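Work through the exercises below with the structure open. Try each task before reading its solution.

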Amino acid sequence: DQIEKGGYDHFMLKEIHEQPKAIIDTYRGRMLPDEGIIRMSGIDNHMNKFLNAERIIIVACGTSWHAGLVGEYLIEDKARIPVEVEYASEFRYRNPIITSKDVVIAISQSGETADTLAAIKLAKSKGAFVFGICNVVGSSIARETDAGAYTHAGPEIGVASTKAFTTQITVLTLIALKLASKKGEISKSELRTFLQKMQLIPKKVEDLLKIDEKVKEIAAVYKDAPNCLYLGRGFNFPVALEGALKLKEISYIHAEGYPAAEMKHGPIALIDENMPIFVIATNKGHYEKVVSNIQEIKSRAGKIIAIVTEGDTQVKDIADHVIEIPETEEALTPLLTTIPFQLLSYHIAVMLNKNVDQPRNLAKSVTVE
Ligand code: G6P
């Protein structure tokens, strides 16, 4: 067991640290940044299905569903194809409208989640083309889909998903860009620039992992909070959801993720001096809006832990704690902003003496409906 954990105390921590390599393994051979080329046989061989799709429906559960939401933002923003993201369990039971003009993308780390598998079978029976993004080679979902792309994260043992999430986002980013370039939505030189930035992500993740001590200090301050709120917008809204999920899964602290601007429609009522609020404020597009959300929290005495871009000064002045992430393309920030949240949940769970790798009541793969 100790050998398998590679010197780390838990599989989760090992898997968090494996992310730079896992991301490289996932894009290796699939992108040639300097040439501005993306090659993915599962997409290339079925390009017409994607180009003629009236919409893409992403189905998944849990963390994979959060990756799917990032995928929606990516594919709509870059490739301009309408995308819907569905919980597999809801999709399959609500008599959904599916036709042969739909492309369904199923995302699953294990490739064995019963609801996702059933959603695929339903979509296929209605004539949709089904594409899988799985981590486990030869899994049921990988076999059931018409085509697919594996994430190459390697085995994920910790129940709380970490490297599966970032590698799923890596694949979805490649898909979005491939479709965008094929549709002429981005130029060759834009693609080249984007891929060159993507190639820098693993090193940036590696640098970010060095903030472990700082995250540990923040964890020590907030480990006894009964509730936490996570806010983000745009590409980082799903990261807020995933941050909250990570915390509740392994530390059993109640946490909610919310789009930052929705705060005023409910969660703001919860804010007082006992409420830690984790805010992702890296967005360039809506930066001022997020800053004003942070000010609203401040004026209600909430504790603010902000994720900002390196060099930020505005948020730094208001927040109680700031964690800096390296500068990158906005669409790539989820691969970075998610890292501090993983570390934070990990440290809080360890400090609270919880079973990090096998939290109560949860299973790595849910093969029952
Ligand atoms: C379980 C796991 C989660 C995972 C979800 C979906 O709930 O505990 O970590 O995100 O299933 O699993 P999948 O293998 O389909 O990605």
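**Exercise 1.** Which residues of α2 and α11 meet, and how do the two helices run relative to each other?

*Solution.* 
1. List the contacts. Gln-19, Pro-20, Ile-23 and Ile-24 of α2 meet Ile-201, Pro-202, Val-205 and Glu-206 of α11. The model is a predicted one.
2. Sort these residues by type. Six are nonpolar, one is polar and one is charged.
3. Check the axes. Those of α2 (residues 19-27) and α11 (residues 201-208) come within 8 Å and cross at roughly 170 degrees.
4. Apply the cut-off. Angles over 145 degrees count as roughly antiparallel. α2 and α11 are therefore roughly antiparallel to each other.

**Exercise 2.** Is strand β10 buried or exposed on its faces?

*Solution.* 
1. Take one side. Pro-276, Phe-278 and Ile-280 are buried there.
2. Turn to the other side. Ile-277 and Val-279 are buried too, and both faces are covered.
3. Conclude. Five of the five residues of β10 (residues 276-280) are buried, so the strand is largely enclosed by the rest of the structure.

**Exercise 3.** Which bridges join β10 to β11, and through what does the chain cross between these strands?

*Solution.* 
1. Start with β8 (residues 227-232). Strand β8 pairs with β10 in the parallel sense over three bridges. Leu-231 has Val-279 of β10 as its bridge partner.
2. Move to β11 (residues 303-309). Five bridges join β11 to β10, and these strands run parallel. Phe-278 has Ile-305 of β11 as its bridge partner.
3. From β10 the chain passes through helix α14 (residues 287-298) to β11. This β-α-β crossover is right-handed.

How values were computed: Residues numbered from 1 in each chain as written. Predicted model: local features only at pLDDT ≥ 70, side-chain atom pairs only at ≥ 80, totals over all residues. Axes fitted to C-alpha atoms, helices over the stretch in contact; angles between N-to-C directions. Helix = DSSP H or I, 4+ residues; strand = E, 2+ residues; numbered from the N terminus. Parallel < 35°, antiparallel > 145°, perpendicular 65-115°, else oblique. Contact = placed C-beta atoms within 7 Å. Nonpolar A, V, L, I, M, F, W, Y, C, P; charged D, E, K, R; others polar. Buried ≥ 20, exposed ≤ 12 C-beta atoms within 10 Å, placed from the backbone. Pairing = 2+ DSSP bridges. Right-handed = clockwise from strand over helix to strand, strands pointing away.
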